[in-house]
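Hi there,

Here is the structure I promised to hand over.

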Amino acid sequence: MSETIPTAQLIFDHFPDLTDLQRHQFEALDALYREWNAKINVISRKDIDNLYSHHILHSLGIAKVIRFRPESTIMDVGTGGGFPGIPLAILFPECHFHLVDSIGKKIKVATAVAEGIGLKNVTAVHRNVMEEKERFDFVVSRAVMDTSELVRLVRKNVKKKGQNSLPNGLICLKGGDLAHELAPFKKCSDVWNLSDFFSDEFFETKKVIYVTL
């Protein structure tokens, strides 16, 4: 007996207060990512059936630890095909998300998907984060590099004055044992286990980490 492929209902179950537009946007991601992934591989071909659990819901794990206030600005570093930026942009339509990746074809996919679902609160640029000059309330990423290295690169991009429940900083999706990696940030970091929010075994070792910058 084959396993049921997760659908957008998985997102609706965890985020029941979505508007009709948000529901439509989440539903539309499946066809868009399948279409684009066939042309430009941004998700493992073996993993495309897990789009909603391994990529979209995983991205939304950030929303379980912070609800970005309207007009917050967030930069997604190493966004790839748009994760976590695009799912978060759907969830927080009154915030602005700036998606950055050093690989142009990945930004092409992220741009096409954002346009395909009518997102007005997303910009996507082909750029190395070292060249990014803008400042934001938060920087988010999904396991792009060691935390110390990422902090070094994006500290310049974080605004000093905050407006959210957490002080401005870096929020990353990571997996595994992070004790050594986070040791330099012991006094200014926090960690949440995504298994506390999502029951799928995929999330057993997945975490959200936050570092004040």
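The largest nonpolar core has 52 residues, and I11, L29, Y33, F68, I86 and F97 have the most contacts inside it. By nonpolar core I mean a set of buried Ala, Val, Leu, Ile, Met, Phe, Trp, Tyr and Cys residues joined through side-chain atoms within 4.5 Å; buried is under 20% relative accessible area, exposed over 50%, and partly exposed in between (1.4 Å probe, protein chains only). A second, separate core of 20 residues includes V158, L170, L178 and L213.

Please keep in mind that this is a predicted model: local features need pLDDT of at least 70, side-chain atom pairs count only at pLDDT 80 or more, and totals for chains, interfaces and linings use all residues. Residues are numbered from 1 along each chain as its sequence is written, and side-chain values use heavy atoms, with hydrogens and water left out.

Back to I86: leaving out residues up to four places away in sequence, I86 touches L29, Y33, G81, L99, A110, V113, A114, I117 and L119 (contact means heavy atoms within 4.5 Å).

L29 is also where helix α2 (residues 20-39) bends, by about 30 degrees. The bend is the angle between axes fitted to the seven residues ending there and the seven starting there, while helices (H or I, at least four residues) and strands (E, at least two) are DSSP runs numbered from the N terminus. Among the buried residues of α2 are L29, Y33 and W36, and the buried residues of this helix pack against α1 (9-14), α3, α4 (85-91) and α5 (104-116).

Now the rings. The whole structure has six aromatic pairs, where Phe, Tyr and Trp (six-membered ring) count as paired if their centres lie within 6.5 Å, with planes under 30 degrees apart stacked, over 60 edge-to-face and the rest tilted. F68 and F92 are edge-to-face, at 5.3 Å centre to centre and 75 degrees between the planes. F68 lies in the loop between α3 and β1 (73-77) and F92 in the loop between α4 and β2 (96-101), so this pair ties together parts 24 residues apart in sequence. F68 also pairs edge-to-face with F97, at 6.3 Å and 75 degrees. Ring pairs link F68, F92, F97 and F138 into a cluster.

Best wishes

Technical notes:
The expected span of a helix is 1.5 Å times one less than its number of residues.
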